[in-house]
Amino acid sequence: MTLDARQLNTYFVLTEAVSLLQHHVEQQLRDEGGLSAVQFQLLARLAHAPGALTMTELADGVVYSRSGLTYQAGLLEKAGLIERGPSPGDERAVQVAITDKGRDLVARVLPGHAEGVRDMLFASLADADVETLGTIMTRVRDHMRALPPRSAAPRKKRSE
């Protein structure tokens with residue numbers, strides 16, 4: 001089975017747009033905060049979570065391997081941006097919480113990050129386009145999460 005010309009063109013446009021956005025975001029995060037994109041994602045998720053998250057919850061949220069996440073978390077912990085410790089509800093799980101220093105860093109880089117995303121992604125779109133794009137990409141994401149690999153699918157919570 002092959003892609004038709006329209007599908008192939010859409011695929012190329014999508015991958016190019018994602019690459020351009022990702023390059024811009026990574027440059028801004030590196031320049032303003034000394035962070036990689038995945039480190040920023042981890043800190044932002046922790047900053048906006050109602051409390052500490054487990055490493056598994058973080059890995060699911062950023063679709064990142066557990067071993068890669070452990071390495072990144074180690075770098076963030078060494079920099080004093082997060083703290084890790086045993087989970088009170090599951091002795092096998094590791095809980096992660098953002099520190100005040102981590103919150104301050106997110107607060108410092110977030111305005112530039114939001115401005116870059118707005119300029120790169122949303123500036124050329126009308127409000128209706130943003131809504132349509134969000135609807136389409138949500139459907140695509142949900143479809144992708146329903147398929148293998150397992151690391152991209154949300155994990156089922158263990159019964160207590």
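Guide: Let's start with a term: on a 1 Å grid over the protein atoms alone, a pocket is an open set of points where a 1.4 Å probe fits, with protein on both sides within 12 Å along at least five of seven lines, and lining residues have an atom within 4 Å of a point. A volume is the space filled by probe spheres set on the points, which are joined across faces, edges and corners. This is a predicted model, where local features need pLDDT of at least 70, side-chain atom pairs count only at pLDDT 80 or more, and totals for chains, interfaces and linings use all residues. Residues are numbered from 1 along each chain, and side-chain values use heavy atoms, without hydrogens and water.

Visitor: OK, what volume does the largest pocket have?
Guide: About 1800 Å³. Of its 32 lining residues, V18, L21, Q41, L121 and M137 are the closest to the centre.

Visitor: Which element gives the largest share of that lining?
Guide: That's α1, with ten residues. Two or more residues each come from α1 (5–33), α2 (37–48), α3 (55–62), α5 (100–122) and α6 (127–145). Helices (H or I, at least four residues) and strands (E, at least two) are DSSP runs, numbered from the N terminus.

Visitor: And how many of the lining residues are nonpolar?
Guide: The lining has 23 nonpolar residues, plus six polar and three charged. Here Ala, Val, Leu, Ile, Met, Phe, Trp, Tyr, Cys and Pro count as nonpolar, Asp, Glu, Lys and Arg as charged, and the others as polar.

Visitor: Switching to α5, where is its kink?
Guide: At L110, shortly before the proline P111, and the kink is about 35°. That bend is the angle between axes fitted to the seven residues ending there and the seven starting there.

Visitor: Which residues of α5 are buried?
Guide: G102, L105, V106, V109, G112, H113, G116 and V117. Buried means under 20% relative accessible area, with a 1.4 Å probe and protein chains only. Their cover includes α1, α2 and β3 (90–98).

Visitor: Why does G102 count as buried?
Guide: Because its relative accessibility is 0%. Leaving out residues up to four places away in sequence, G102 touches G80 and L81, where contact means heavy atoms within 4.5 Å.

Visitor: What about T54, buried or exposed?
Guide: T54 counts as buried, because its relative accessibility is 17%. T54 sits in strand β1 (residues 53–54). With residues up to four places away in sequence not counted, T54 touches A93, V94 and Q95.

Terms used: Buried means under 20% relative accessible area, exposed over 50%, partly exposed in between (1.4 Å probe, protein chains only).
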